[in-house]
Amino acid sequence: MKKLNNLKYVKKLDRSDMLKFISGLPGQCRDAYKIGNSVNINKPLIKINNIVFAGVGGSGIGADLVKVYLQDELKIPVSICRNYALPDFAREDTLLFCSSYSGNTEETLSCFEKGLKKKAFIITLGAGGRLKESALKNNITHISIPSGYPPRTAIGYMSITILAILARLGLIKDKENDVKELCGVLSDIRDKEIGSEVPLAKNISKQIAIKLYKKYPVIYGTADTTEAVAMRWREQIAENAKALSSGNVFPEMNHNEIVGWKFPENILKDFKAIILSDKDDHERVKERIRIISGIIKKSGSEVILLKRNSGGRLARIYSLLYIGDFVSFYLAILNNIDPTPVEVIDYLKKELEKI
């Protein structure tokens, strides 16, 4: 486990420099808000009555984060589409965000084409590809973000940029101060609690990665606060550490999944439950977490509770996300694997292109 403190070993294994991308998130969030404020927007001709985000994978999770963060502010319904078809209610009064970092994600391109037919007010977001070409061809606002990132590492661009756009459209208040606080908090956490140069004895993410090594993580979020963060943790553990995990959301899991923490008895000891919570969680949810933690411990599994109490809602959400990003990176190092390549996804795309 000492290898996590050996930067020479880490960098040798991290051949594509995933660490650089993860470490750069605070600056990326700062740049993202500037991009959102600088792009020329074709304003909608009619009132926007609903928002649909179309995107998958690393390009889709940003929408989940935005939705959770703005839970108590947005006054219109928000839907997230991770498929080839838009919801039937999408019409001229729909603000449709089509997000694809590569610009070539077939599900998102399909939603874009359907959005055109439904005459939705469309904004596209990505680093180029066919999505940008189609947007420009149809005189649709495209937000260009820097290229050269593995899509999952562009999370700041794929989420914070959207906040700036929503504010400029008058759908939310300006978030400049929240983003400024976010960048400062993330930098502080990176440099003092989770970054590669922070030793194991003081590093939250390294400590959690060690606990998850050769174990099966079950990651729980809480509805309307950390549920998107829990999803991000699972995605990052899969893509970076090449490891499976599962998860659910409080209080929903209290009505079904909690009963399953009994069998198979011989492998539950190799499970690790991670519960991500927030100070804004409903008081009854907080009590549920306390009770459920005890039940899970009785199965022989360890429970890891994570909560950030300081800072605003945006800073707290992304702080938990950032801890998880570094956990997934360190877990990849423990698994003796380069975190960046996603060869199975590349293979799937190539096979689909043959059809």
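Colleague: How far is the sulfur of cysteine 29 from the closest cysteine sulfur?

Modeller: A disulfide requires a pair of cysteine sulfur atoms within 2.5 Å. For cysteine 29, the closest such sulfur belongs to cysteine 183, and it is too far for a bond, at 5.4 Å.

Colleague: What is left out of the side-chain values?

Modeller: The model is predicted, so local features need pLDDT of at least 70 and side-chain atom pairs count only at pLDDT 80 or more, whereas totals for chains, interfaces and linings use all residues. Residues are numbered from 1 along each chain as its sequence is written, and side-chain values use heavy atoms, leaving out hydrogens and water.

Colleague: How many disulfides does the rule give?

Modeller: Cysteine 111 is in no disulfide, as the nearest cysteine sulfur, in cysteine 81, lies 3.7 Å away. Under this rule the number of disulfides is zero.

Colleague: Is cysteine 111 buried or exposed?

Modeller: Buried means under 20% relative accessible area, exposed over 50%, and partly exposed in between (1.4 Å probe, protein chains only). Cysteine 29 has a relative accessible area of 0% and is buried. The relative accessibility of cysteine 111 is 0%, so cysteine 111 is likewise buried.

Colleague: How are α4 and α10 oriented, roughly parallel or roughly antiparallel?

Modeller: Helices are DSSP runs (H or I, at least four residues), numbered from the N terminus. Axes are lines fitted to C-alpha atoms over the stretch in contact (heavy atoms within 4.5 Å), with angles from 0 to 180 degrees between N-to-C directions. Helix α4 (residues 61-69) packs on helix α10 (residues 227-241) at about 160°, the axes being 8 Å apart. Since angles over 145 degrees count as such, the pair is roughly antiparallel.

Colleague: Which residues of α4 make the contact with α13?

Modeller: The axes of α4 and α13 come within 10 Å and cross at roughly 145°. On the α13 side, Arg313, Leu314, Ile317, Tyr318 and Leu321 take part, and they meet, in α4, Leu65, Val68 and Tyr69.

How values were computed: Helix = DSSP H or I, 4+ residues; strand = E, 2+ residues; numbered from the N terminus. Parallel < 35°, antiparallel > 145°, perpendicular 65-115°, else oblique.
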